[in-house]
Amino acid sequence: ARGKRREGRLPLTPALGVPGETPKSSRSRPPAAMASPAVSPDSSSHEGLSSVNSAPACSPASDSENLSPDELELLAKLEEQNRLLEADSKSMRSMNGSRRNSGSSLVSSSSASSNLSHLEEDTWILWGRIVNEWDEWRKKKEKLLKELIRKGIPHHFRAIVWQLLCSATDMPVKNQYSELLKMSSPCEKLIRRDIARTYPEHEFFKGQDSLGQEVLFNVMKAYSLVDREVGYCQGSAFIVGLLLMQMPEEEAFCVFVKLMQEYRLRELFKPSMAQLGLCIYQFEYLLQEQLPELNIHFRSQSFLTSMYASSWFLTLFLTTFPLPVATRVFDIFMYE
Amino acid sequence: MGSAEEDYNFVFKVVLIGESGVGKTNLLSRFTRNEFNHDSRTTIGVEFSTRTIVVGDAVVKAQIWDTAGLERYRAITSAYYRGAVGALVVFDITKHQTYDVVDRWLKELYEHAEASIVVMLVGNKTDLAQAREVPMEEAKMFADNNGLLFVETSALDSTNVEQAFETILKEIFHKVQKQKQRSSQSNTVSLASESPESTAVAQTEKRPCCVAL
């Protein structure tokens with residue numbers, strides 16, 4: 001039964017090579033990137049599933065808010081299908097296009113079409129349109145876009161939407177990437193030390209020779225070369241790891257560069273980490289203002305803000321919340 | 001931080017420091033939860049755990065802080081030394097570089113912590129003896145010369161982990177007892193207290209001995 005399901009393809013999935021997103025990255029990509037799968041945040045926990053019906057918990061929180069039980073079940077099945085597909089190394093990548101011709105998973109799409117809830121379909125169509133008409137949405141429908149993002153970007157659209165949100169789709173630095181990989185960085189040893197300790201429980205990053213660890217190392221190294229002042233700083237690998245769960249390494253690299261520069265994350269990771277001190281300070285005052293009793297209690301216990309909140313800022317909650325939740329936070333962070 | 005009803009006589013704050021990847025987090029989890037995790041995650045910022053043990057006739061709650069190892073975090077972690085009465089400076093016996101920088105860690109420690117803090121040098125990962133790069137005698141001598149307690153441990157197979165923490169907590173306890181005879185302070189423990197002379201005493205005082213293997 002498993003094999004059969006693997007070959008099946010849900011109707012909308014082929015359309016996921018989002019309109020407007022050309023399969024540009026198939027050119028001179030190093031071998032590693034070719035195989036980079038889009039890993040869903042919680043995929044690690046579903047390897048052993050033998051029945052489609054047994055996966056009600058894996059519907060994405062993003063779209064399940066207003067659904068009936070039936071719809072929820074359908075959604076769960078759908079997600080499970082997608083997951084299996086993604087887990088299958090032979091399957092076509094949704095965003096990256098580099099495996100377009102592998103063929104093995106492209107099977108007739110009509111059979112499963114009745115499984116799709118209208119609501120879900122609407123969401124896909126809507127997000128497809130958003131991506132297609134991005135500039136217009138960004139300029140004229142900002143409020144609606146914000147609302148939709150707060151509800152969660154559908155998993156398959158994350159890669160492209162995140163890239164669009166931070167304008168990382170056309171970056172000159174992308175062309176340097178393969179050159180950077182050939183260079184050596186003074187931070188390599190430090191980076192290496194943390195690679196196996198970044199999302200160690202996640203399937204994609206498991207194992208010393210795993211693709212996940214390889215591409216994570218690549219991106220961290222490349223970044224340390226373009227930003228010598230920051231180089232490598234602990235915490236940042238979790239952010240890059242999340243990006244790599246969604247998109248190939250070159251794209252992840254570009255988004256990370258944007259996050260560091262324009263979202264000012266590099267201020268947090270600079271040697272002095274003064275910005276982190278400032279964030280903690282601001283947060284402390286917010287706590288005092290909003291939750292004075294809790295603040296007094298924390299103080300009486302000498303429970304310093306920096307003790308628990310440092311990682312919130314440095315990893316944008318990625319080491320605090322379960323990944324599906326942290327990914328939603330990241331959606332919002334990207335836009336707001 | 002535990003329930004308010006918890007019954008203990010002292011809270012000792014102990015910090016774990018040392019290079020990234022030497023096994024601080026696993027030492028802590030071995031001691032406080034008897035767990036070891038092969039796939040442990042990089043510590044970002046600070047994490048801590050507590051365990052309560054009995055020393056003499058007192059119940060001591062050890063609050064152990066696990067800091068991120070990377071240098072860069074030092075700026076922010078320096079705040080964490082405040083109020084610490086004990087420190088474990090950890091290195092990896094299979095990586096000489098992690099031992100070479102012990103000096104730097106000590107320097108930073110003494111810059112931020114009270115001078116009377118009890119310090120233990122810990123050579124971790126003895127389960128990887130075949131890959132040893134730091135001879136035990138060398139580390140032991142360094143510890144003796146610098147007035148540090150010393151122990152070698154394996155968080156993986158549990159060797160000496162319990163012993164390491166117990167030794168340092170007892171040592172702190174004895175110091176506190178001595179101090180108590182002079183001033184009558186109770187719950188919050190400060191080794192340095194107010195008087196400069198007690199600090200001096202604590203500093204010159206001979207450590208009873210090291211935990212040999």
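Reader: Which three residues of chain A supply more of its buried area than any other three?
Author: A:R197, A:Q234 and A:M307. They supply 29% of what chain A buries against chain B.

Reader: How many salt bridges across the interface?
Author: Zero by the rule, which asks for a side-chain nitrogen of Lys or Arg within 4 Å of a carboxyl oxygen of Asp or Glu.

Reader: Switching to confidence. What does chain B average in pLDDT?
Author: 82, and 77% of its residues score at least 70. pLDDT is the predictor's confidence in each residue, from 0 to 100.

Reader: Where in chain B is it below 50?
Author: Residues 193–213 are one such stretch. Residues 1–5 also stay under 50. Where pLDDT is low, the predicted coordinates should not be read in detail.

Reader: What are the model's ipTM and pTM?
Author: ipTM is 0.70 and pTM is 0.69.

Reader: What conventions apply?
Author: Residues are numbered from 1 along each chain as its sequence is written, and chains are lettered from A in the order in which they are written. Local features need pLDDT of at least 70, side-chain atom pairs count only at pLDDT 80 or more, totals for chains, interfaces and linings use all residues, and side-chain values use heavy atoms, with hydrogens and water left out.

Terms used. Buried area is the accessible area (1.4 Å probe) that two parts lose on being put together, summed over both. Contact means heavy atoms within 4.5 Å.
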